[in-house]
Amino acid sequence: MEYQERYSQWLADPSIDEETKAELKSIAGNDAEIKERFYKELEFGTGGLRGIIGAGSNRLNIYTVGKATQGLANYIKKEGTQAQGVAIAFDSRHMSPEFADEAALCLAANGIKAYVFDALRPTPELSFALRTLGCTAGIVV
């Protein structure tokens, strides 16, 4: 799919919130910016899902976090381990609590219990929670 087509789809999608659409409308006519935001899907690498925060398929936002979480949910359901739940921790980076909540909502929509820490936690604490709660997976945002 071409980046202009993906850009247009995001603008037309009724599930995309108005604040995100306003950000996208603000770059209308700026082909270089549209291309940078939509020329590819944000990739999940060895360091996880990393990118610039903003609107677009090549940006970190609630939609790309939701897409990655849906992939995890699909795998968990395929393995039949959804009853074990998923522990979710977040750090002090911008939007981490919101992205953690988005991941939890996506899991819940798939019938998978999410254990979300109520405040910042280091990664080793998530590892401890996984073992203590018997979770099938963990997410650090």
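**Local contacts and overall arrangement in a predicted model**

When its neighbours within four places in sequence are left aside, S96 is in contact with F90, D91 and V141, contact meaning that heavy atoms lie within 4.5 Å. The model is a predicted one, in which local features need pLDDT of at least 70 and side-chain atom pairs count only at pLDDT 80 or more, whereas totals for chains, interfaces and linings use all residues. Residues are numbered from 1 along each chain as its sequence is written, and side-chain values use heavy atoms, with hydrogens and water left out.

S96 is found in helix α5, where helices (H or I, at least four residues) and strands (E, at least two) are DSSP runs numbered from the N terminus. With a relative accessibility of 3%, S96 counts as buried; the term buried stands for under 20% relative accessible area, exposed for over 50%, and partly exposed for values in between, with a 1.4 Å probe and protein chains only. The side chains of S96 and D91 are joined by a polar contact of 2.9 Å. Such a contact is a pair of N or O atoms within 3.5 Å; within protein, one atom must be able to donate a hydrogen and the other to accept it, and residues adjacent in sequence count only if both atoms are side-chain atoms. M95 is found in the loop between β3 and α5, and M95 is partly exposed, its relative accessible area being 25%. The phi angle of M95 is near 75 degrees, which is a positive value in a residue other than glycine.

N110 counts as buried at 15% relative accessibility, and the side chain of N110 makes a polar contact of 3.0 Å with the side chain of Q70. Apart from neighbours within four places in sequence, the residues in contact with N110 are Q70, A73 and K77.

The protein as a whole has six helices and five strands, and these follow the pattern α-α-α-β-β-α-β-α-β-α-β when read along the sequence. Its C-alpha atoms fill a box of roughly 50 × 30 × 25 Å, taken along the principal axes. Of the 141 residues, 37% count as buried, and among contacts between residues at least 6 apart in sequence, 58% join residues at least 24 apart.

Three strands form an open sheet with parallel pairing, in the order β4-β3-β5, two strands being paired if DSSP finds at least two bridges between them. The edges are taken by β4 (114-116) and β5 (137-140), each of which has a single partner strand, so one side of each is left without a neighbour in the sheet. Neighbouring strands of this sheet are turned by 20 degrees against each other on average, direction ignored; the axes behind such angles are lines fitted to C-alpha atoms, for helices over the stretch in contact, and angles run from 0 to 180 degrees between N-to-C directions.

Strand β3 (residues 86-89) is joined to β4 by three bridges, and these two strands run parallel. The bridge partner of V86 in β4 is A114, while I88 stands opposite V116. In a regular strand the side chains alternate between the two faces of the sheet. Both faces of β3 are covered, with V86 and I88 buried on one side and A87 and A89 buried on the other. Helix α6 (residues 123-133) lies across β3, β4 and β5, and α6 runs at about 160 degrees to β5.

Among the helices, the axes of α1 (residues 3-12) and α3 (residues 31-38) come within 9 Å and cross at roughly 85 degrees. This makes α1 roughly perpendicular to α3, a description that applies from 65 to 115 degrees, whereas angles under 35 degrees count as roughly parallel, over 145 as roughly antiparallel and the rest as oblique. The contact is made by Y3, Q4, R6, Y7 and W10 of α1 together with D31, I34, K35 and F38 of α3. These residues divide into five nonpolar, one polar and three charged, where Ala, Val, Leu, Ile, Met, Phe, Trp, Tyr, Cys and Pro count as nonpolar, Asp, Glu, Lys and Arg as charged, and the others, Gly among them, as polar. The C-alpha atoms of W10 and A68, which are 58 residues apart along the chain, are separated by 17 Å. A68 is found in helix α4 (residues 62-79), and A68 counts as partly exposed at 31% relative accessibility.
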